Amino acid sequence: MIGGGAGSVALDPALLGRLLPLYLRIDAAGTILSHGPLVARLAGGDLAGGDLAGRPLWQVYGIRQPARARRAADLVAQAGGRVRLTPPDGGADLRGMAFALP
């Protein structure tokens, strides 16, 4: 759920995954809350295709852009900016944009 008032929007992870198979949602601590099916498939290794929820983002993907991102707040500071994630097995990078949800 985004927001808590009358303008709240519910985000069902299963539906969101069908609409946006490469979405990745993390909390303020950098823990993966939900993700699309392709994010899991591209994670590689033992993680490929599994549920990544509850894992720290930094255990699943390396962050190449923004270059000095070490915590979730660094990604939020780049809201609307480009993000580039690299799987630990050296597979294809994921490229996207970071947005902070209310």
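Which residues make the nonpolar surface patch of about 310 Å²? In this predicted model, the patch is made by Leu15, Leu19 and Leu20. Of these residues, Leu19 is placed in helix H1, which spans residues 13-19. Leu19 counts as exposed because its relative accessibility is 60%, and exposure is assigned over 50%.

The protein as a whole contains four helices and five strands, and its elements, followed from the N terminus, are arranged as α-β-β-α-α-β-α-β-β. The protein has 102 residues, of which 31% count as buried. When contacts between residues at least 6 apart in sequence are considered, 27% of them join residues that are at least 24 apart.

Three of the strands form an open sheet, in which the order is S3-S4-S5 and the pairing is antiparallel. Strand S3 (62-65) and strand S5 (94-97) are the edge strands, each of them pairing on one side only. On average, and with direction ignored, neighbouring strands of this sheet are turned by 30 degrees against each other. In general terms, the strands of a sheet pair through backbone hydrogen bonds, in either a parallel or an antiparallel manner.

The pairing of S3 with strand S4, which comprises residues 82-86, is antiparallel and extends over three bridges. Within this pairing, Gln65 has Arg84 of S4 as its bridge partner, while Ile63 stands opposite Leu85, also in S4. On the S5 side, S4 is joined to its antiparallel partner by four bridges, and here Val83 stands opposite Gly96 of S5.

Two salt bridges are present in the structure. One of them is formed by Arg64 and Asp93, with the closest N and O atoms 3.0 Å apart. This pair links distant parts of the chain, since Arg64 belongs to strand S3 whereas Asp93 lies in the loop between S4 and S5, the two residues being 29 residues apart. Arg64 has a relative accessible area of 48% and is therefore classed as partly exposed. Asp93 also forms a salt bridge with Arg84, and in this case the closest N and O atoms are 2.7 Å apart. Arg84 likewise counts as partly exposed, because its relative accessibility is 22%. Through salt bridges that share partners, Arg64, Arg84 and Asp93 are joined into one network. As a general principle, side chains of opposite charge can pair when their charged atoms come close.

The segment after S5 contains Ala98, a residue that counts as buried because its relative accessibility is 11%, the limit for burial being under 20%. Apart from its neighbours within four places in sequence, Ala98 is in contact with Leu75, Gln78, Ala79, Gly80, Gly81 and Val83. Val83, one of these contacts, is the residue already described as standing opposite Gly96 in S5. For Gly81, which is also among the contacts of Ala98, the separation between the C-alpha atoms of the two residues is 5.9 Å, although they are 17 residues apart along the chain.

The C-alpha atoms of Ala73 and Ala100 are 9.7 Å apart in space, and the two residues are 27 residues apart in sequence. Ala73 counts as partly exposed because its relative accessibility is 36%, whereas Ala98 counts as buried at 11%.

Leu52 is placed in the loop between helix H2 (37-41) and helix H3 (57-60). With a relative accessibility of 1%, Leu52 counts as buried, in contrast to Leu19 of the nonpolar surface patch, which counts as exposed at 60%. The C-alpha atoms of Leu52 and His35 are separated by 7.5 Å, the two residues being 17 residues apart along the chain.

Methods. Residues are numbered from 1 along each chain as its sequence is written. This is a predicted model: local features need pLDDT of at least 70, side-chain atom pairs count only at pLDDT 80 or more; totals for chains, interfaces and linings use all residues. Side-chain values use heavy atoms; hydrogens and water are left out. Patches are made of residues with over 30% relative accessible area and no salt bridge: like charges are joined within 9 Å, nonpolar side chains (Val, Leu, Ile, Met, Phe, Trp, Tyr) within 5 Å. Accessible areas come from the Shrake-Rupley method with a 1.4 Å probe; for residues, only the protein chains shown count as cover. A salt bridge is a side-chain nitrogen of Lys or Arg within 4 Å of a carboxyl oxygen of Asp or Glu. Buried means under 20% relative accessible area, exposed over 50%, partly exposed in between (1.4 Å probe, protein chains only). Contact means heavy atoms within 4.5 Å. Two strands pair if DSSP finds at least two bridges between them. Axes are lines fitted to C-alpha atoms, for helices over the stretch in contact, and angles run from 0 to 180 degrees between N-to-C directions.
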